[in-house]
Structure formats: C-alpha cells, structure tokens
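Please keep the viewer at hand and follow along.

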Amino acid sequence: MTKAVEEIQRHTIAVLVDNESGVLARVIGLFSGRGYNIESLTVAEVDSHDKLSRITIVTSGTAMIIEQIKNQLRRLVPVHKVHDLTIEGPHVARELALIKVVAGGEKRVESLRIADIFRARAIDSTNESFVFEVVGSTEKVDAFINLMEPLGLADVSRTGVVAIARGPNPI
Amino acid sequence: MAHHDTLTGAEILLKALVDQGVEVIFGYPGGAVLPIYDELFKQNRLRHVLVRHEQAAVHAAEGYARSTGKVGCVLVTSGPGATNAVTGLADALCDSVPLVCLTGQVPTHLIGNDAFQEADITGITRPCTKHNYLVKDVADLARTVHEAFHVARSGRPGPVLVDLPKDVIQNKGEYQAPSKVKSKYKPQVKGDLKAIEKAVEMIAHAKRPIFYVGGGVVNSGPAACQLLTQFVRMTGYPCTLTLMGLGAFPGSDPLFLGMLGMHGTVEANMAMHDCDLMINIGARFDDRVTGRVNGFSPNSKKIHVDIDPSSINKNVVVDLSVVGDCAHVLEDMIKVWKAKQCRVNEKALKEWWKAIDEWRAMDCLAFENSNKLIKPQYAIQRIYELTRHRNPYICTEVGQHQMWAAQHLKFDLPHHWLTSGGLGTMGYGMPAAMGVQMAHPEALVIDIAGESSIQMNIQEIATLVQHRLPVKVVILNNQYMGMVRQWQELIHGGRYSESHMNHHPDFVKLAEAFGAVGLRAEKPSEVDGVIKEMMAVDRPVIVEMRTDASENVFPMIMPGMAHNEMVLGPEDKSRDKSGSEEDGMVLV
Ligand SMILES: Cc1cc2nc3c(=O)[nH]c(=O)nc-3n(C[C@H](O)[C@H](O)[C@H](O)COP(=O)(O)OP(=O)(O)OC[C@H]3O[C@@H](n4cnc5c(N)ncnc54)[C@H](O)[C@@H]3O)c2cc1C
Ligand SMILES: Cc1ncc(C[n+]2csc(CCOP(=O)(O)OP(=O)(O)O)c2C)c(N)n1
Ligand SMILES: [Mg+2]
C-alpha cells in the first residue's frame, strides 16, 4: 500500500436517518464498537413530515477506514443517505459556539473588541461577564476561544459542525 | 376505528408469523410472554419446540434457517430469557443467518424502572443483531413484525430482534397483512453490468485463476450454487471454498481444491498465494483465511462479488468489486461469457493445473492410521463413507473435530453443512441439529462434537427426546479441549494450562439418563459397528468415540504467517516459527 492511502484525513459526512428512538445510539455504537474516531457529531430533525433527522459527523481515518465508515453507516437499517461532503465537491461547514467570559476593566473591553473582529455577538451581559455567540468554521471558533483564554474565558458550549454542499443540489 | 380493534397483540403476532411462513418456533416461556404462549396453546398451525436453554433456541433456529433458506423464529421471555439468547444472536450475525427473535419485555409503563426481569435487550443486542425493534404500541405490531422478517431475509441475512412489552401483546389492535407494509429497506441485488463485463474479461484473460467462494453463495440459495458450479465448470478453473462455503460447489468435483485458510489444503492455499486472478464470490477475506494480510496473494488481481458493500475493501483491497446478490451476478456473468464467446487460455491453464496437481500430490490431509487408537480423521472418514448414501446434514461443535470434519467430509449439496464459523461458538452443534431435524424429519442429521463443546448445551438431549428428534451426536472424546491444547503445544511451550478436563461424564449413561441411546467405541475396529448401529436406531443417539488425545490438525498456517508458510505436520520443523500475533490470526 502506498503512503497516500495510509494518510489520515478528516472527513465531514452527512447522514440522513429515520428520527426514531435508538438511531443515534446505533450510529455512535458503530463508531465506538469499531474503533472509529468521532471529532464532532450533531443531530436534529430536518423533515418533520417524513420524520428524518440529519447527522453531521466529522471523523478522521485512512481512505480505507473512511470508506468502511460510510459503508458501515449505510448498512444500518434506519440510515437512508450517506454523503461524504469532503470528497463530493465544495461544501460549507459552520459551528456555533457560546462563550462565557468573566472579566472587568481592560480585559472586558478587549474581549468586546475581539468579538467585534470575529463578528461575535454578546447575547448576555452582566457587570462582570459576557456570553458571546460566534459562528464560523471550526478554525475560526478555535481562534476566537484561544483569544478569549487570557481575557477570562469561563465556559464554552459548541454545537459541533453542521455542513451542506454548495450549489443547487440537495443530498 | 374501534370496531376493527378486535385482536389482542398476541393474536396479531401469531397471525403475522403465520403470514410470514413460520411453521416452527423455538422457545421457552416466562411471565412476560405468557399471553403469547396462551395464544399458542389455542392454535395448531405453529409448532413450538421447547428447548432447555434459550441459547439453544437460537442455534436451533439457525439450524432450521440454514438448512431450509427460511427465516428461523425464536420466542423467549424478558430479562434472563432474552440475555440467554444473546450468544446465539451474535453467532447468527457473524455467519449471516436470517432469524427473528421475539423477546418479552416488561409493560411499557415499567420500562426503565428496574422492574422484575427487565433487561434493556434492544440496548444489549444493538451490536449483535442486524437490526432490532422495541414495539411501544400495538398499532405498530404487525408492521414491525413484517418488517423484521423482511430485514432478516433481505440483502446480507442476519438476526433481527423484536422486543414486545407485555401490555403491547395484551392490548387490542388492528392486523395489517404483509402486502400492506412497505419497507424502505431495499438492498441492491443486481450487480452493475459494466463491472460484470469487466470481471468476465479479466476472468477470460487470466493465466493462473482461482475461484475463492464463501458463505454468500450458500446464503443466496440453491440457484446461486448451481450457477456457480456451472460457471466454474465452463471455465475449468480451480475452486476453493471457505469453511462457510462448503457445499456451494460439489466436494467431489475434480476442480475443487478443498477448503482454504488456516487449516486448508496445501493446494488451495498455494494456489491462492500464486494465482494471478482471484475471483472472490461471497466470501469476506476473514483473517482465518487470509493469514498475514501483507503476505496474502501478493501478485494477484482480485475481483470481489458481495451483497454487502462493507465487506469490500475491508481487510483486503481489491481491483474490481461487484455489489449484488451472487445468484444475479453469476447469472449475468454466464450470460456475458456466452455472449462474448469467451475462451480461456488453455495453454496457461494447463501449466497452472500442473502446478496445482503437484501440490495436490503432497496429499496434505493424509494421516498415519492406527489399529490401537481411534484416529479422529479415521472416525470422520468412516462416518462419511457409511452415511454418504443418505446425504446427511452435518453439524459440528467448535474445535479440532470441526476442522477434521471440514477437511475429510465432502459435500456435494449445499445447505447440508452447518457450523459456527465467525463466532466459533462451542455448544452450537447439537441445538443446530435439532433445528435441522425439525425442518427435515426424515433426514439423517449428525452432530460431530468434541467432549468439551457438547457439554456447553448438553441439556438439549432432553429436547431431542421430548420432540422425538432422532439426531445422532458423535462425540470425538480426546479428553482435551483439543484445539486449545494444540495451540498450547505449538505456541505456548507445551504448557497445557486448563485445557484438560480430568473429569467427564459417562456419556453412555448420560444419554440413557436423558432417555436417549448411548453407544461407545474404544477401538478402531468398533467404529463401523457403532456408526451402523446409530443409523439403525430411530431415536436420538449419543455416540462416544475415544480418540487419540495427541492428534493435531494439519496443515496449519500459524498465527501471523502467510499461505505459502503452512506447517504440514508434526515433523515439519517450520512449526516453531510463528509470526507476529498482531498481524494475523490470534485467537483459538
Ligand atoms: C476453529 C475455527 C477454525 C477456522 N478455520 C478456518 C479455515 O481454516 N478456513 C476457513 O475458510 N474458515 C475457517 N474458519 C471460519 C472463519 O472464522 C470464517 O467464519 C469463515 O472463513 C468466513 O467464511 P466466508 O468468507 O465464506 O464468509 P461468511 O461469514 O459466510 O460471509 C459471507 C459473505 O458473503 C456475503 N453475502 C451474504 N449473502 C450474500 C448474497 N446473497 N450474495 C452475495 N454475497 C453475499 C456477505 O456479505 C459476506 O461478506 C474457522 C473457524 C473456527 C471456529
Ligand atoms: C463458548 C466458547 N468458549 C471457548 C471457546 C474457545 N475454544 C475453541 S476450541 C475449544 C476447545 C474445544 O474442545 P472440544 O469440544 O473437546 O473439541 P476438540 O478441539 O477437542 O475437538 C475452546 C475452548 C469457544 N470457541 N467457544
Ligand atoms: Mg476434545
């Protein structure tokens, strides 16, 4: 096998499933049972009529492992569609994070200034704290959190990645 | 519509089973399923086989399913009834056996309360079933049962569990016929024609080809086995079968090289190693077959036909894959072969067979017979010779006896060989034989057993006696967990840690205590006699043959080694070298 095949790569996979009890446990159990990575996983119902949920999974592995992951997902009975957004063409991926910063004086002002640069909104504020809402790529959210760290970062809640293909076609 | 709600859940369930073609249920009652047992009592379309342990119910259903091609059906109670069934479900998943297992559950309002005999069986069995359901409303019951059967038998078959809370089977609801239920589960059965054409072209141009065929062809059914046989014979190429594939191609055909893999023949393994084209039909490159993956058939192109895309490129990267049912794909391959008037490369093929015949001439399954001790291989050969005219169904337990049976029996018909391959479950054979005998009352059904394995489900002799199932169990008693002892001898310096049982029951008396017939052979000269006697009796028979305790199974590919590095027998010095445990077959 060549080096390229052995290389570990990150993939974002969109999975359309029946929104029934146990389906998330099946997906997560598949990853833990077979030793695959989950970097992030998000899920919510996207079609209330047909009762479908969309799961976005960010995972990593060799090309052979990624192929296995997709085939194993397709094998689950309540799974209808599996799309590897990373290889199927351009896509957009976003995360939302809520970030609590506890600070006063200079640091408080500085956190607001940086939030402005990141187009993060303060959605809660007290005399000693802010909760910022930031949306963007994982890298952007990471960068924002890193900058908040010395300014009084107190709490972080992230959604994980949601992603969708660019252009007119649905999955 | 209230006036339709005339049936209880239990009545709906039984109606659904009948409509799904179920004739026999293997089961064991308990509180949570009493309403179902009450309905069973009132009817006579469904027969019920009362096992002595729920694990055996599942293996029996496996035996029934694998010998008929139908879906096997199991009914057990909640809690311990359901957890006892887990090993059987895991076994059926590994070997792709279609089953529906119905489990009782505490009433819906008690679920999650640690109620009496509550177990989260859908949680427990999620990784060891193909799919499972918890029915929360009687309105969903009929649909769910129909879908469960559909999922069990479609695509790559497997076990499906349906958990039935007690209130759901007691409440009243409406029945829906199978025709009213549409399932979204539709695996691909037709193979891509372009890929098939490419495959046929590769097959026609091969110089050193081999068909490597597995359980998928048996799963697919008798038609697939016939098409495979036809195609292999059209090409004149050699064919090897996995443990699960035995019977898919006639064992007595000269094109058959025997089983491959860890205990496969020299000719099969060497041909796999040296081939230039491997045609895998319905086999899954199991680690018992490949040996060390980076030494596996290093110079061949590989074609893989499989209904399950996740089997493809899982262990071994292939050059061409066709996703589809074997029967459909083989049919298309034959059509394309004929349409294109393909011809094989006769000259190259002749050379190839010459090489194969040289490997064959090594006669790797030969053994030194004895007139004092019963050699296990001899016992199996005698069973074969004396029973073959009755086309017996052969089940096995797990261990050395299983491997000798695979090596020395020839199967000309599919669905007559039942063994636990993927999970390797000791205690599989006798209950599986029960299931086979239920499906084929007139047939000769034999379980070839080891004295250790048989004790894992020995209680089932009572089931055989109660249901008048004349199964023949032949125990090859070598006093050891022979397969474990063999590994300890060859890999662990002869330290026989806990592989010797210094006490065994008197199997003859044991058989009699259960109401079965017990027979024993202690010398080679007695072997034929007990086999004939066992066949003459129309009752369950337990035969104990005292066999040579020191015999090992050869050839053997040691853990971490490749196909061309087989150990051929006790004198073979290469037996001392065993490769890295990480990259090979590491489990007994
Ligand atoms: C003690 C012991 C020793 C063993 N030694 C050996 C040995 O030496 N050699 C050996 O071969 N095995 C051996 N085994 C068995 C081994 O562990 C595996 O169970 C076996 O090799 C798997 O067989 P298979 O590849 O045919 O796959 P199966 O488990 O039969 O799987 C079938 C494959 O076919 C596919 N399939 C199913 N239905 C269809 C269909 N309709 N159409 C197309 N494809 C389909 C499935 O998706 C799957 O990929 C041993 C087991 C034990 C317990
Ligand atoms: C349930 C279970 N436990 C343990 C094992 C590991 N194991 C594989 S073969 C074997 C020994 C089988 O002994 P026996 O039935 O006497 O058969 P023999 O090898 O002697 O022919 C054991 C313990 C297994 N396969 N299944
Ligand atoms: Mg033994």
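His401(B) has a relative accessibility of 6%, so this histidine counts as buried (buried means under 20% relative accessible area, exposed over 50%, and partly exposed in between, with a 1.4 Å probe and protein chains only). His401(B) sits in helix α17 of chain B, which spans residues 400-408; helices here are DSSP runs of H or I with at least four residues, strands are runs of E with at least two, and both are numbered from the N terminus. Leaving aside residues up to four places away in sequence, His401(B) touches Ile380(B), Ile448(B), Ala449(B), Gly450(B), Ser453(B) and Leu476(B), where contact means heavy atoms within 4.5 Å.

What about the rest of that helix? Because 9 of the 9 residues of α17(B) are buried, the helix is largely enclosed by the rest of the structure. Among them are Gln400(B), Met403(B), Trp404(B) and His408(B).

A word on the ground rules: this is a predicted model, in which local features need pLDDT of at least 70 and side-chain atom pairs count only at pLDDT 80 or more, while totals for chains, interfaces and linings use all residues. Residues are numbered from 1 along each chain as its sequence is written, chains are lettered from A and ligands numbered from 1 in the order in which they are written, and side-chain values use heavy atoms, with hydrogens and water left out.

Glu451(B) belongs to the loop between β17 (445-450) and α19 (461-466) of chain B, and Tyr480(B) to the loop between β18 (472-477) and α20 (482-491), so the pair ties together parts that are 29 residues apart in sequence. Glu451(B) is buried, because its relative accessibility is 1%.

Elsewhere in chain B, Thr83(B) lies in helix α4, residues 80-84, and is partly exposed because its relative accessibility is 35%. Beyond residues up to four places away in sequence, Thr83(B) touches Ala119(B), Ile121(B) and Ile124(B). Thr83(B) and Asp120(B) are 37 residues apart in sequence, with 9.4 Å between their C-alpha atoms.

| Residue | Relative accessibility | Class |
|---|---|---|
| Glu451(B) | 1% | buried |
| His401(B) | 6% | buried |
| Thr83(B) | 35% | partly exposed |

The interface holds 2 salt bridges, each a side-chain nitrogen of Lys or Arg within 4 Å of a carboxyl oxygen of Asp or Glu. Asp18(A) and Lys184(B) are joined by a salt bridge of 2.9 Å, N to O.

Finally, chain A has 5 helices and 9 strands, and 40% of its 171 residues count as buried.
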